[in-house]
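Welcome, and please open your viewer. We will walk through a few selections together, one stop at a time.

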Amino acid sequence: MNLQWILPLAIIAAAYFTGRLFERWIIRRLKQLAEVSASRIDDVLIDSLGNTTTIWFCLFGAYAALLSYPLAPNASSFVTKLLEVAFIASGTVFIARLAVGYVNLYSLRMGQAAHSSTIFNNITRLIVSVTGILIALQTLGISITPILGALGVGGLAVALALQDTLSNLFSGLQIISSGQVKPGDFIRLDSGEEGYVVDVAWRNTTIRELANNMVIVPNAKLASSHIRNFYQPGKDLAVLVQVGVSYASDLNHVERVTIEVASEIMRTVTGGVGDFKPFIRYHTFADFSINFSVIMRGHEFVDQYLIKHEFIKRLHERYAQEGIEIPFPIRTLHIEDTELAETLVSTGRPSGRR
C-alpha cells in the first residue's frame, strides 16, 4: 500500500469518528436542552440536523485529506467540485427538513392539527430541492439559463396535458389556505360521507370514517362540494333528542323531570358540557303523543352518541318511576259505514271490505 494514502485516510477516519462523537454527545445534549425550553424553534432546528453533521465532518475531512495528498490539477479540481456538490446536497437536505419543520410549526400556531398537510410539505421540499439542484449545476459550470428556458416551455406543455392534476393541486392549496377544512376536522360531504380529515395531499383529500374506512376525495371535487364542518367555528355542538309523551301527561312535570335527567347526563357522562343547562321545546301535537326536543351539548361530534345512549336509558327509567307515559303508536278510526262497524265490533277482527 502506498504510504502517501495513510495520512488522507487517517484524516477522513478521524473526521468520521469526530462527527459520530459530535452527534452522540453534543447533538444529544442540545436536544435535551431544546426539550425543556418553551420555544419549539430550537426543537425544529436540532431535529433537522439528523445525521448531516457526520456527513459534514466527513466532507471537511475529505477536503483536508485532498490538501494533504498531491493530485494532478485536473483531478484535484474534479474532486473539489464533487465535494462542493456533496456539501450543497447535504445542505439542501438540511434546509428542506428545516423548512418543512417550520411549516408544521406555523400550522400549529395557526391552530391547525398536529401535522401540516402533505401538500404544503411536498411543495416546500420541491422548492428547496429544485433550488439546490440549480445551485449544484451552476457549481459544476453548467449554465442554468437554457434549463430555465426549457422548463418554462416544457412547463406550459405539461400544464396543458395535466389540467386535472393541476386543478386538484390548486384546489388543495385553496382548501388549506382558506382554513375552512384542516387535517383533524370532522366533516360531512353533500354526498353523505363523513369522518375525520386525515390529510390534504397534492391530488386527494383523505377522510377516515368512524367505521375506520378511508374515503379518498379529489381536491377539485371537495372544493366544489357543500361541506359541513363540525369543528368550525368550534368543536362543541348541540345534541338533540326527540321525545313524545301521552296527551294525559302534565307537561310542566314532564319538562321538570326531563331537564333533571338531561342535567345529570351533562354532569356525569364523558363528552357532556358540564356547565350547559339543558332545555326542552314542545313542538308538535302528533297522532298519539305530544312531541318535544331535548337540547343538550357535547364537546365534539362523536360525543353525541354516548350522550344520547345514556340519556334515553335514564329517561326511560325515570319516566317509569314518575308515571309518565311514552305512548305506543295508535290511531283512532272513525268508520261511517254503520253495518261495517257493527261487523268489526261483533267479530273482533278486520273485515276484507273497504
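Start with the side chain of N219: one of its polar atoms lies 3.0 Å from the backbone oxygen of A201. Before moving on, note that this is a predicted model, where local features need pLDDT of at least 70 and side-chain atom pairs count only at pLDDT 80 or more, while totals for chains, interfaces and linings use all residues. Residues are numbered from 1 along each chain as its sequence is written, and side-chain values use heavy atoms, leaving out hydrogens and water.

Stay with N219 and colour helix α8 (residues 219-223), where this residue lies; helices here are DSSP runs of H or I with at least four residues, numbered from the N terminus. Is N219 buried or exposed? N219 has a relative accessible area of 0%, so it is buried (under 20%, with exposed meaning over 50%, using a 1.4 Å probe and protein chains only).

Next, select S90 in helix α4 (residues 73-109). S90 counts as buried too, because its relative accessibility is 6%. Show T52, I55, W56 and L59, which S90 contacts when neighbours within four places in sequence are set aside; contact means heavy atoms within 4.5 Å.

Finish with helices α9 (residues 251-268) and α10 (residues 303-322), which pack at an angle of about 140° with axes 10 Å apart. Among the residues meeting here are V257 and I265 in α9, and F311 and L315 in α10.

Conventions: Axes fitted to C-alpha atoms, helices over the stretch in contact; angles between N-to-C directions. Helix = DSSP H or I, 4+ residues; strand = E, 2+ residues; numbered from the N terminus. Polar contact = N/O pair within 3.5 Å; in protein donor to acceptor, adjacent residues only side chain to side chain.
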